[in-house]
Amino acid sequence: QVQLVESGGGLVQAGGSLRLSCAASGRTFSRHVVGWFHQAPGKEREFVAGMSRSFGSTYSADSVKGRFTISSDNAYNTVYLQMNSLKPEDTAVYYCAARRGPLATMPHPTNAVYAFDDWGQGTQVTVSS
C-alpha cells in the first residue's frame with residue numbers, strides 16, 4: 001500500500017493559480033501511475049490528470065487541458081498538479097491516487113476511479129468569482 005499525503009489546496013480568486021502536491025510517504029512512486037481526481041458536492045469523482053513514468057505518458061481531462069499540468073520531482077517522490085487560470089467550476093475536493101504495479105497503465109477516464117489502489121485524504125480547492 002502507498003500512503004499518500006496531499007497539500008496545497010486553498011481559496012483563490014478566479015484566474016489565479018494553485019499548485020497541489022502529493023507525496024508518497026516514506027518511498028517513491030516507483031513505477032506506479034499517479035493521478036489527480038476532483039469531486040464537487042453532489043457530483044461523481046472525476047479523473048483530472050495522470051502520469052506514468054514507466055510509459056512516459058500523461059493524461060489531462062478536456063476540462064483542464066491548457067490550464068492544469070501534472071509533473072513530478074526527479075526522484076518521483078512527489079507529484080504536482082499546477083493549476084492555472086482557475087475557474088469557479090474547478091471548486092472541488094482534489095484527491096491524489098496511485099495505481100500500483102510495474103505494468104500499471106493509464107486507465108480509461110470513464111472508469112479510472114475504479115482502477116486506482118491507494119488514495120490520499122483530499123484537499124479542498126475553492127475558486128471564488
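Mentor: Start with a term. A residue is buried when its relative accessible area is under 20%, exposed when that value is over 50%, and partly exposed in between. Keep in mind that this model is predicted.

Trainee: Why is β5 called largely enclosed by the rest of the structure?

Mentor: Count its residues against that cut-off. In β5, 6 of the 7 residues are buried, so the strand is largely enclosed by the rest of the structure.

Trainee: What makes β4 and β5 a pair?

Mentor: Two strands pair if there are at least two bridges between them. β4 and β5 have 6, in the antiparallel sense. As one example, Val34 stands opposite Met51 in β5.

Trainee: How many residues lie between β4 and β5 in their hairpin?

Mentor: The hairpin has 6 residues between its strands. In the turn, Gly42 has a positive phi of about 80°.

Trainee: How do you know that β5 and β6 pair?

Mentor: Use the cut-off of at least two bridges again. β5 and β6 are joined by 4 bridges and run antiparallel. Ser52 stands opposite Ser57 in β6. These two strands also form a hairpin, with 4 residues between them. Gly56 in that turn has a positive phi of about 65°.

Trainee: What is the order of strands in the open sheet of 4 strands?

Mentor: The order is β1-β3-β8-β7, with antiparallel pairing.

Trainee: Why are β1 and β7 called edge strands?

Mentor: Look at their partners. β1 (4-7) and β7 (68-72) each pair on one side only. Neighbouring strands of this sheet are turned by 15° against each other on average, direction ignored.

Trainee: Which residues of the largest nonpolar core touch the most other members?

Mentor: The core holds 39 residues, and those touching the most other members are Phe29, Trp36, Leu81, Met83 and Tyr94. Several strands supply at least two residues each, including β3, β4 (33-39), β5 (46-52) and β11 (123-128). The largest share, 6 residues, comes from β9.

Trainee: What does Phe29 contact, leaving aside its neighbours within four places in sequence?

Mentor: Contact needs heavy atoms within 4.5 Å. Among the residues that Phe29 contacts are Val2, Cys22, Val34, Tyr76, Val79 and Ala98.

Trainee: How many salt bridges does a search of the whole structure find?

Mentor: It finds 3.

Trainee: What makes Lys65 and Asp62 a salt bridge?

Mentor: The limit is 4 Å between a side-chain nitrogen of Lys or Arg and a carboxyl oxygen of Asp or Glu. Here the closest N and O atoms are 3.2 Å apart, so the pair qualifies.

Trainee: Why do Lys65 and Asp62 count as exposed?

Mentor: The cut-off is over 50%. Lys65 has 52% relative accessibility, so it is exposed. Asp62 has 67%, so Asp62 is exposed as well.

Trainee: How do you know that Arg67 and Asp90 are buried?

Mentor: Arg67 has a relative accessible area of 9%, and Asp90 has 4%. Each value is under 20%, so both count as buried. The two form a salt bridge, with the closest N and O atoms 2.8 Å apart. Arg67 is in the loop between β6 (57-60) and β7, and Asp90 is in the loop between β8 and β9, 23 residues apart.

Trainee: What makes Arg100 partly exposed, and what makes Asp118 buried?

Mentor: Arg100 is at 38%, so it falls between the two cut-offs. Asp118 is at 3%, so it is buried. Their side chains meet in a salt bridge at 2.6 Å, N to O. Arg100 lies in the loop between β9 and β10 (118-119) and Asp118 in β10, so the pair ties together parts 18 residues apart in sequence.

Trainee: Why is Thr123 called buried?

Mentor: Its relative accessible area is 11%, so Thr123 passes the test of under 20%. Thr123 is in strand β11. Its side chain reaches the backbone nitrogen of Gly9 at 3.3 Å. Beyond four places in sequence, the residues Thr123 touches include Glu6, Leu20, Val93 and Tyr94.

Trainee: Where does Val93 lie?

Mentor: Val93 is in strand β9. Beyond four places in sequence, Val93 touches residues including Phe37, His38, Gly122 and Gln124.

Definitions and conventions:
Residues numbered from 1 in each chain as written. Predicted model: local features only at pLDDT ≥ 70, side-chain atom pairs only at ≥ 80, totals over all residues. Heavy atoms only, no water. Axes fitted to C-alpha atoms, helices over the stretch in contact; angles between N-to-C directions. Core = buried A, V, L, I, M, F, W, Y, C linked by side-chain atoms within 4.5 Å. Buried < 20%, exposed > 50% of the residue type's maximum accessible area, 1.4 Å probe, protein only. Polar contact = N/O pair within 3.5 Å; in protein donor to acceptor, adjacent residues only side chain to side chain.
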